[in-house]
Amino acid sequence: MKIKMNLLPKRVTQHFRHNSRGQSFVELALVVPILLLILLGLVEVAFFMGRYLDALDLTREAARFASGRSPYLNNVADPRPGTADYDCSSPDNFDFYYDTACIFSPPETVACTAANDPFCNGFNSFVEFNPATDDVVISVFTIEGQVVKNRWPAPNGWWALSNVDTDTTNNDNFKRNCQGDSIRTEPYYTTTKVNGTLAGSGSTTPKKGYVAVEFYYCYDQVLNLPIFTDIVPNPIQIHAYTFMPLPAAQPTRVP
């Protein structure tokens, strides 16, 4: 039987109203933290996506830089060993791999110049490159008959910045995650991966050259939310890459 409030005594009606108001406050207290956590989580995801897009843009710029140059002009294939200076600020002694990786270095600033850091004068204004955890990997592929004929540089078929930078204690960073655990033995673009990509592309060009630029970057969460860090590792590795034609790597000359 439904009881009408206006038929009840005034004291009982006030009691019902106070209980309803108290229940609303309890529900609000339970819901607000969850809504706030969701909102902060969306903010963190937005920061993460922004850093991923920054990393992706850097790989594209590096691949464009490499696509207009020859991979045979470097200290690996050059018959004059030791000609590369491994200095991003110097236009002399060009090294195809290192100078391509220089795109990921910060722009020339007072702090960078004052420290005499050779990894400087690049395009990277947003992502703070950490030589202890981050890495740039570059691979060159020579395609003939729709399959990979050669993969450069020898002998691995890939070049890693962590193996030639000034931080000699952290080599092959790309093989590890941000927690230091070994999770891979090769870059993303391998001979098998490229052959599979070519087979599914429907391309009929028998001879091609390609360059693959990969960026492994450890992203530190900005808000560092406790619940999120319990689920998602912090820092978390961002892997961005670009695969682009490289005319100089076509099988028309022997490196």
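Modeller: Two strands count as paired if DSSP finds at least two bridges between them; strands (E, at least two residues) and helices (H or I, at least four) are DSSP runs, numbered from the N terminus. The model is predicted, with local features needing pLDDT of at least 70 and side-chain atom pairs pLDDT 80 or more, while totals for chains, interfaces and linings use all residues. Residues are numbered from 1 along each chain as its sequence is written, and side-chain values use heavy atoms, leaving out hydrogens and water.

Strand 1 (residues 135-144) and strand 2 (residues 147-152) run antiparallel and are joined by five bridges.

A core is a set of buried Ala, Val, Leu, Ile, Met, Phe, Trp, Tyr and Cys residues joined through side-chain atoms within 4.5 Å, buried being under 20% relative accessible area (1.4 Å probe, protein chains only). This core has 33 residues, and those with the most contacts inside it include Val136, Val140 and Phe215. Helix 1 supplies the largest share, six residues.

Beyond its neighbours within four places in sequence, Phe215 is in contact (heavy atoms within 4.5 Å) with residues including Ala55, Leu58, Phe104, Val136 and Ile238. A second, separate core of eight residues includes Phe141, Ile143, Val194 and Ala212.

Key
Buried means under 20% relative accessible area, exposed over 50%, partly exposed in between (1.4 Å probe, protein chains only).
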